Amino acid sequence: MILHRSHIYGVVGEFETPEKLIHAVEKVREAGYRRFEAFSPFPVEGLSQAMGLKRNLVPLITLIGGLTGGIGGFGFQYWVAAITYPLNIGGRPFNSWPAFIPVTFELTILGASLAAVFGMLALNKLPQPHHPVFNVHRFSHASTDRFFICIELRDAKFHLAETARFLQGLEAHHVSEVSDD
Amino acid sequence: MNGMREHEQHEHLDGQHERNDPAGDAKLHEGPMDLAAVRAKLQSKTGKLYWRTLEELAGDPQFEELLHREFPRQAPSEWDDSVDRRDFLKLMAASLAFAGLSGCGRTPEQYVVPYVKQPDGMTLGKPQFYATAMPFGADAIGLLVESHEGRPTKIEGNPDHPSSLGATNVFAQASVLNLYDPDRAQTVTKFGEIQTWAAFLDSAQAIAAETRAANGAGFRILTGIVTSPTLAAQMQSFLTLYPQAKWHQWEPALGDGAREGAKLAFGSYVNTVYRPEKAEVILSLDSDFLGSGPGHIPYAREFSRRRKLDQYTEVDRRDAEMNRLYVIEPTPSVTGATADHRLPLRALEVGLFARALAAKLGLGGSVTVPAGSEDWLDAVAKDLQKHKGASLVVTGEHQPAEVHALAHAINASLGNVGTSLYYTEPVEAHPVNHLEALRQLCADIDAGKVETLLILGVNPVYTAPHDFDFASKIKLDPSTKQKKVKNTICVSSHFDETAEVCDWHVGESHYLETWGDARAFDGTVTVIQPLIAPLYHTHSARAVLGAFTEKPGATDYDVLRERLKAAYPSADFEKFWRKTLNDGVISNSASAPINVTLKFNPASLPAAKTSSLDELEFLFRPDPCVYDGRFANNGWLQELPKPITKLTWDNAALISPKTAENLKLAHNVAWGGGEHGKVYSNVIDVALANSKVTAAAWIVPGQADGVVVLPLGYGRKRAGYTGTNKGFNAYAVRSSSALWAATASSTMIKKTGEDYPLACTQYHFNMEGRQILATGTLEEYRKNPGFAHEPGGNPPKELSLYTEYSYPGYAWGMTIDLNSCNGCNACVVACQSENNIAVVGKDQVMRGREMHWIRIDRYYEKSVKSATNDPSSYDASLDNPPTFFQPVPCQQCENAPCEQVCPVGATVHSAEGLNDMVYNRCVGTRYCSNNCPYKVRRFNFLRFQDWETPQLKLLRNPEVTVRSRGVMEKCTYCVQRINTARIEAEKDNRKIRDGEIVTACEAACPTQAIVFGNANDPNSRVAKLKAQQRNYTLLGELNARPRTTYLAAVRNPNPELLTASRSPAKESA
Amino acid sequence: MSAGQPPFDSPEIRRLTPVLGPGHTYASVTDKISAIVLTRRTSLGWFIGFAIAFSLTGLMTVAIGWLFIKGTGIWGINIPIGWGFAIVNFVWWIGIGHAGTLISAILFLLNQKWRTSINRFAEAMTLFAVACAGIFPLIHTGRPWMAFYMFPYPSTMGIWPQFRSPLIWDVFAVSTYGTVSLMFWFVGLIPDLATLRDRAIQKPAKIIYGTLAMGWRGSARHWHRYQSAYLLLAGLATPLVLSVHSVISFDFSVSIVPGWHTTIFPPYFVAGAIYSGFAMVITIAIPLRKAYGLEDYITMRHLDNMAKVMLATGLIVAYGYFFEFFLSLYSGNKFDVFLVQQRLQGPYAPFYYSLILCNILTPQLLWFYKIRHNVVVLFIMSIVVNIGMWLERFVIVVISLTRDFVPSAWGRYSPTFWDWATYIGTIGMFVMLIFLFVRVLPAISIAEMRELVAETSEEKE
Amino acid sequence: MAQIFHRSTNFIARFSVFSALFLIGVALVAVIAVARSPYMTRQNVTREQPVQFSHKHHVGDDGIDCRYCHTGVETSAVAGIPPTKTCMNCHAVLFNNAAYLEPIRESYRSDKSIHWVKVHRLADFVYFNHSIHVNKGVGCSSCHGQINQMPLVFQANTLLMQWCLDCHRNPEQVLRPKDQVFNMDWKAPDNQAELGAKLREEYKIRTTAELTSCSTCHR
């Protein structure tokens, strides 16, 4: 059955092993598809390269978070101890910087970690409980033992029948359309 | 949580107290059963039946509970108070706090309650000081009492008064708590039923009428020592009115020895006044003249003057001089601890020594020297003779007459009379032999000669020798349903053991509530003026006596003024009156020295009675904290560690280590508390004079072997919530035949096999070879005055990585002279009183949680090493260890270790170098206490403060925050006094003068061992003392840089005895 | 070493004891592990265990409630011993937490395969241990309702925390540690939550797991960022875990109390932490694999390795004890020297000796292959070590305080009923949380097990 | 497999994440704000008094000096709420039968104190001393506001510790000539900065470090 185009998100093909997936991905790229996505139940080595993914932003965000935490942390302690209400604490200097190091360190770590996690989620556009691929009946295996490629409608080269056939050609079984509603 | 802040409330309780309404009467009328109910229940019964009803009631749990509500605790206990309103509020507060609103939690509206008519001369918020005096035995201590809006809150000494010289003792300091004691008798009662004063006057007059008919026959009065001229005059006129009436006196803790000794020596009663300052060499024959007895405060002051090395400079220190004190005593006293040479002898042997000394000095008599004291005798005799006219022999109150007589003879022969001591007419209005007087009274009662017995301010049922069985004399005989004495009237501050068996009881007013007068140890007359109208319906002894005269209505005030008018005729009486009230003393009223001729020859003494050394000697002595029992209900004194034993809340049978070993007695340091808190000690049965008490045995190093001391004043049955059933009652085994010392075979002591937990605040007595308490001899001082600095001493400042803070303004500092301190504890109670310090109760002390901001550490000299630091494992070095005291308040370190670790900045440094403690910022991590090397911080582990009892609220010092549960507290150098002085100085643009700020401890100290001031001012006393080479820092090597420093203790041993005294074991051998 | 004993480590041994039982596929591991949560019936044993743990937690709440009502006076603490069970337990729990982070972070960085099947519940253990630990600093204060003074917030008083105090460092260290561990754990969970979402049968389960999985669908781009984030977290958690117990040790080493003021505390606290942590992991792992038949995943290889880590850290700790000792004597500081005597002869000597027995002597048995491979003995030993480490903290915290500078102020300490109630209560809470965890979440990381399957299958080819 | 979540949940999920963060922020700000709000500090809140005593009338209109009633202000820590007697000094003759003064007369007759509602409530645990402030040139109105214009007295400032510290850190801003201390209408001149500095010299005001030491106010 042919669904109306607008109700289609893309075509998905299922593969049994990571090797087959990687091989398929390479073929898909060679075929000139760009708007497609691969799914695997665990991070598959070499998949990123196969898909030609560049370095991502997470490390940078983390660095920024860490620096903010660290500098902010020390600055705050200095302000408290030496500027806003300087008090003589047991004869120690107002700016007892050695004593401020532990907190500075902890805040650096805290800042960096928060940045890393939330940066990652944000870049991955999570949370996103609803996604068209979930409409695919067998997609539940994507989180167990099956590997999927989904070529999206948005891709310039996308043609429902063509693309489906193309995927079957990559020895994917269960090629199916992804409805989008 | 502003509950912690009593300030508001106090600030505006104005005037409430001028009027005589005991706040919190309401408290009594709540709950399932109240006094009214009890009275109702009692109303129905009368006379004999009444007592049985009370019995029934006693069993009634509701009644018990009522008693507890009526006598609120001064010491909270851990388990028994349940969740109540405040606890609930705390939880609410907690939730508020978690909501982030705390610190600005919206508190309910408060009200300002001004006076209706403000008393003249009063400025709200400014304390006023009034001169008065506390009569105490044969002495009266002149006081200046601080009053906040009409509430007396703090006792200070009166510098113009000879018995005080500005200092006080523990009893004077604590007496203000007695005023607010919630357990005080609050009314007049007959058979325990509340009566009106008018009703009492009526029946008094009725009795008076009968008596007058009988010409006074059968009317007897029993008092303690009376020094009040006014009361004495009243008594005289009474006795002239009723010629047949008799006046008996009974002072349980002050011996007849001195009185009878004088009679023996001079043929008449005379009063002896010492001038220790004038003496180079002092020998104390079992006398604690620095720590107790009439005049002990000025004596301590004068004595310490001769031991301060302040006046010596680097140049002339080589010929520094000090007086020398020899003490011979059976049990360690503060005087003994201060001595340069101390010899433990049995009480009897002290007498022998006196005889031997007299003989040695060529006064004749026997020369049987007690074993082991030969070299002593020679040395002392030589020393005394070397200082003829500048020596002094002092005899203890509890020594028999002959020893006193001998001392008089010796002093006379040494030509000390007129220099280091003088004689005056007796200070007592009516000196008699108290024991005989009481014996007489009992005999007369048995003979049925006594119709009416008026007991004024004494508690014979508790204190009389047990063989007199005084209770049975006046109590209703259950079998015959008869009373030997028709009318018994008792006047006392509490409804005590005696009141219980008397018909009438009149609550006695506190000395801060009454007009009166009293004489000091040297005869000086002091006017006692009240600071507050009686809190309850109480009356003075004089007023009660007056009730039986033809002028029953006369007020104390009028009577006093009448007498003064008569006694001190002056052109302008009002002027004289005002001056007297202002000064607190009647100028030059001290009794003049009299010439007495010695009518006594030591040779004529009968042979001394001796006791075999395998017999035990049981001594009865007043307790250093509750005295003869009159202070039993005073929480401050109960929790005050006794100077030598450091025991609280209990008395114990004191024995020497060796005797303990022989009797197989031991201590067992419990896990909880242990060295600081709970010590289990063996319980013994003491059977004496066919009676028996069960006591806990406590081992006291330095006690004479074979001596068992049974401290009086405990085991009260009817003292009040705090004092009842604490310790054991030594009076129960005290017989008239052996009032002070009884000899009996050691089989009179039986181990019961049980252990009893005692609360001891310092069990560990040795310094572990650390430079804690620096001591040396005068010789050492002359050679090297800086001996205190080796080893240790402050590390040089350059070594610090940090730049020093500068204290350009004031730099508050304190010095404590260990050479002067005799461990008398006055500072501890003064501090407790000034700073609203809570009483925590025995249980908490046993857990090591007492709250004293200043503690007095008692150490035995460095040379003393005991394997286990446990006196119950015998060690010869414990027979007579040199003893030293070290008061330890917060050291106010400049590099305070406590401050650095506080997570919230609740303890920080002020610009004047104070180690501030901010209670309301404290969250109570206790980290500061852990990091305090001196362990002077105190933590409110539970809600120790009593928030319920209204009377105790009146007691509090509004200038000091009342701490609640969960916060740390510590000595503040009395910052409230510093601030007050600073504000006054700032107002007239001047610097604070040296001595303008006096901390509570400094003010109370009889020996001026504590000096506080501005260390930046080179001319201040404290700066000068810190410049001394004796000055050293406690644990200086930690570089905490304390502002409190110590002046090393210097002893002046007799070179001839030096070897002996250095190895104490020898002496007692 | 005894003759019959195979070499300490060799390819041979690795082959004999693989990190994963033979013949497993992606599906089989997924089924096996997710079944525990989804399909498998909850055993009676689980209910009983949970009930006990739950009631102990109840005891804890009662103890804490009473504490809030009465004050810290219900405990055995006093002056001079201001810190008692509360701080002992705090340090102990935090220490236990460390193994989890170590396994998941450090072993991850070291690319140790054998971490895979134990890191999940080890991390869970960390979280729960930190939760237990976190209770104590709060409740040990005299005025817990004021404890927020320790956090930097703009108060109307214009006052801030005092950052020179190690207690403030604790506040930051522990809260950071808790947060990071939680994130690390959760990030690791996301793929598994997705698996559970997809495999759950009942609607509610689907929705709950689905919500938590945040729509994870294993897309390559996601995995790409996911992995770098996870790697970074591991990289950050490693210094953090080392810092946390160092900071805890500062509580003592920064103070001046003899027996606390020691420079070697940080390393030896960290070693001790890992030591006790691994002991606790073993204590949990052994019953777990038995109860749910996970012998194929948590193999003897894992136990063997963990035992070795325990042995190693145990030796570091022993070294720590020795040096603490040596430095005291060497420094010649009379207070330190005295403290050493106290430990050996003082009233608390028994504690010190039993601590040596538990922490130093017993673990030496781990040199032997047979011991390391005897599950029962290993289990018992892990318990012994946990007790030993608790004693160590007791010795450090309490004994040092009983006898410090001024002899007159010396004291003793003995815990009250409430001390014990609170301590045992937290153990109950810990166990309860573990029980809940194994019931509702995959105790072993499924995704990583799949990876392991992939890798091992490669190895075979 | 079937979708578990509807498309809308994507928005809902993200929205809830952000709004959660937002709400937490708001909550924190709110707590901080409330702590400083008149609700907590009772700033500018007039109270119902047993007798509606008007400072505006007595001070503003009649020009009675503060010290006539608040006698302690120059010498003592507390300025002192006047005793009923003080009221009666005048009102024995003035308005001596006015109904609204009955509570005063009643108090005077029955010797029972009047319970005034406390208006100025310092932060807890502070030991404030009026005399030193007055003597060092801190005027009444600096803290109490223009009492002479208050029919019913209200607390003109927050009286929070921060507020105290503001002055203790640089007193110059409020110091005035001694003769102006009791002048309710005194306004800081334009050259207050230098005037204050000069007065600080003159009055020998202590250093900021001393003025901000804890024990200056807390004991």
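Here is a short chat about a few spots in this predicted model.

Biologist: What should I know before we start?
Modeller: Residues are numbered from 1 along each chain as its sequence is written, and chains are lettered from A in the order in which they are written.

Biologist: How many disulfides does a search of the whole structure find over all chains?
Modeller: A disulfide is a covalent bond between the sulfur atoms of two cysteines. Here the cut-off is a pair of cysteine sulfur atoms within 2.5 Å. Take Cys167(D): the closest cysteine sulfur, in Cys143(D), is 6.5 Å away, too far for a bond. Over all chains, the search comes up with 0.

Biologist: Which cysteine holds the sulfur closest to that of Cys898(B)?
Modeller: Cys898(B) counts as buried at 7% relative accessibility (buried means under 20% relative accessible area, with a 1.4 Å probe and protein chains only). Its sulfur is 6.3 Å from the closest cysteine sulfur, too far for a bond, and that one sits in Cys932(B).

Biologist: Which side chain of opposite charge is nearest to Arg938(B)?
Modeller: Arg938(B) is buried yet has no salt bridge (a side-chain nitrogen of Lys or Arg within 4 Å of a carboxyl oxygen of Asp or Glu). Its side chain does reach the backbone oxygen of Lys935(B) at 3.3 Å. As for opposite charge (Lys and Arg count as positive, Asp and Glu as negative; His and the chain ends are not counted), the nearest side chain is 4.5 Å away: Glu850(B).

Conventions. Predicted model: local features only at pLDDT ≥ 70, side-chain atom pairs only at ≥ 80, totals over all residues. Heavy atoms only, no water. Buried < 20%, exposed > 50% of the residue type's maximum accessible area, 1.4 Å probe, protein only. Polar contact = N/O pair within 3.5 Å; in protein donor to acceptor, adjacent residues only side chain to side chain.
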